[in-house]
Amino acid sequence: MMVCVLSSFRSPASMAMRQTPLTCSGHTRPVVDLAFSGITPYGYFLISACKDGKPMLRQGDTGDWIGTFLGHKGAVWGATLNKEATKAATAAADFTAKVWDAVTGDEVLTLAHKHIVKSVNFTEDSTCLLTGGNDKVLRIYDLGKPEAEPLEIAGHTSAIKKALWCNNDQQILSAADDRTVRLWDKNTKEAVKTLAFDASVSSMEYIPDGEILVITYGRTIAFYNANSLDLIKAVDAPASIHSASLHPEKDFFVAGGDDFKLYKYDYTTKEEMESYKGHFGPIHCVRFSPDGELYASGSEDGTLRLWQTAVGKTYGLWKCVLPGEFT
């Protein structure tokens, strides 16, 4: 159990809380991607992708290790869970994407590609898998017909970093090293809209509730309408940012990058609320849990860390202790 100590310097009004992250070890190389499941009858779950080639599944609210998916022969660049946490998918440098039974840990499918795979994403009903990678092509696999050829969508001129379903799985958002984010129609396979940037896009998060797209590039964290790709707002951070995540209630967002720090901003005012240093290397990925009570970060230092959204709240392994309560 992690104890959050409430320290009083002068009076209750001046009480201050210290953020105490939970550290999840086990990986031996940089952690480059992570994703949460939805909330299930058994809680929610967290999957991490790592260059050690061994994606791991954890209990989301505690970080407790559940299992490791063994089978890839190269760095794993992307990992995701379906909403029910019954299926997992991973994208790897061994030119494959794999689908796993997230309950038993068994490999269900291996989907061969022509180059390194960077991104995997399930449809809402878990029947199709979207992949993207270094061969610049988006692929849609019907998981009920694994022997069938995937639907392919081409157009990017450099490696695809992230590809996500949006608009009730009728459209696709993709970010690539060609410094563009593109919105595609799944049925026509045509790009509906394109955003161009002056730097390579480092991450992308899609929020179905409110149709918000979170994009990071350089030191900028930008928020767009996911349907029109119109800019809502943008914030510049003190350092190069690799990832950002918007709280489910859209009160604030967190971001991390090159300076080993996690930044928390007020979404409405865009003001920095706080920053924490806990990792010993650049932060590659950050995501809020589905209940918004914590956020997870993955780093070059090979660890995942879980951070409380409301510092001092008793939740998961955190227990708030007031002065004088130690026994």
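## Annotated repeats

The UniProt record, an unreviewed entry, lists "repeat: WD" at residues 69-110, 110-143, 153-194 and 276-308. The structure discussed here is a predicted model.

Two of these spans can be described by their end points and secondary structure. In residues 110-143 the end C-alpha atoms are 11 Å apart, with 62% strand and 0% helix. For residues 153-194 the corresponding separation is 15 Å, and the span is 60% strand and 0% helix.

## A four-stranded sheet

Strands S12, S13, S14 and S15 make up an open sheet, in the order S12-S13-S14-S15, with antiparallel pairing. Its edges are strand S12 (117-122) and strand S15 (151-154), each of which pairs on one side only. From one strand to the next, the twist averages 20°.

Within this sheet, strand S13 (residues 128-133) and strand S14 (residues 137-142) run antiparallel and are joined by four bridges. Leucine 129 has tyrosine 141, in S14, as its bridge partner.

## The largest nonpolar core

The largest nonpolar core comprises 19 residues. Leu173, Val181, Phe197, Met204, Leu213 and Ile215 have the most contacts inside it. Two or more residues of this core come from each of strand S16 (160-166), strand S17 (171-176), strand S18 (180-185), strand S20 (201-207), strand S21 (212-217) and strand S22 (220-225).

## Surroundings of methionine 204

With neighbours within four places in sequence set aside, methionine 204 contacts Leu173, Val181, Leu213 and Ile215, among others.

How values were computed
Residues are numbered from 1 along each chain as its sequence is written. This is a predicted model: local features need pLDDT of at least 70, side-chain atom pairs count only at pLDDT 80 or more; totals for chains, interfaces and linings use all residues. Side-chain values use heavy atoms; hydrogens and water are left out. UniProt positions are given in the numbering used here, feature names are shortened, and annotations may be inferred rather than shown by experiment. Two strands pair if DSSP finds at least two bridges between them. Axes are lines fitted to C-alpha atoms, for helices over the stretch in contact, and angles run from 0 to 180 degrees between N-to-C directions. A nonpolar core is a set of buried Ala, Val, Leu, Ile, Met, Phe, Trp, Tyr and Cys residues joined through side-chain atoms within 4.5 Å. Buried means under 20% relative accessible area, exposed over 50%, partly exposed in between (1.4 Å probe, protein chains only). Contact means heavy atoms within 4.5 Å.
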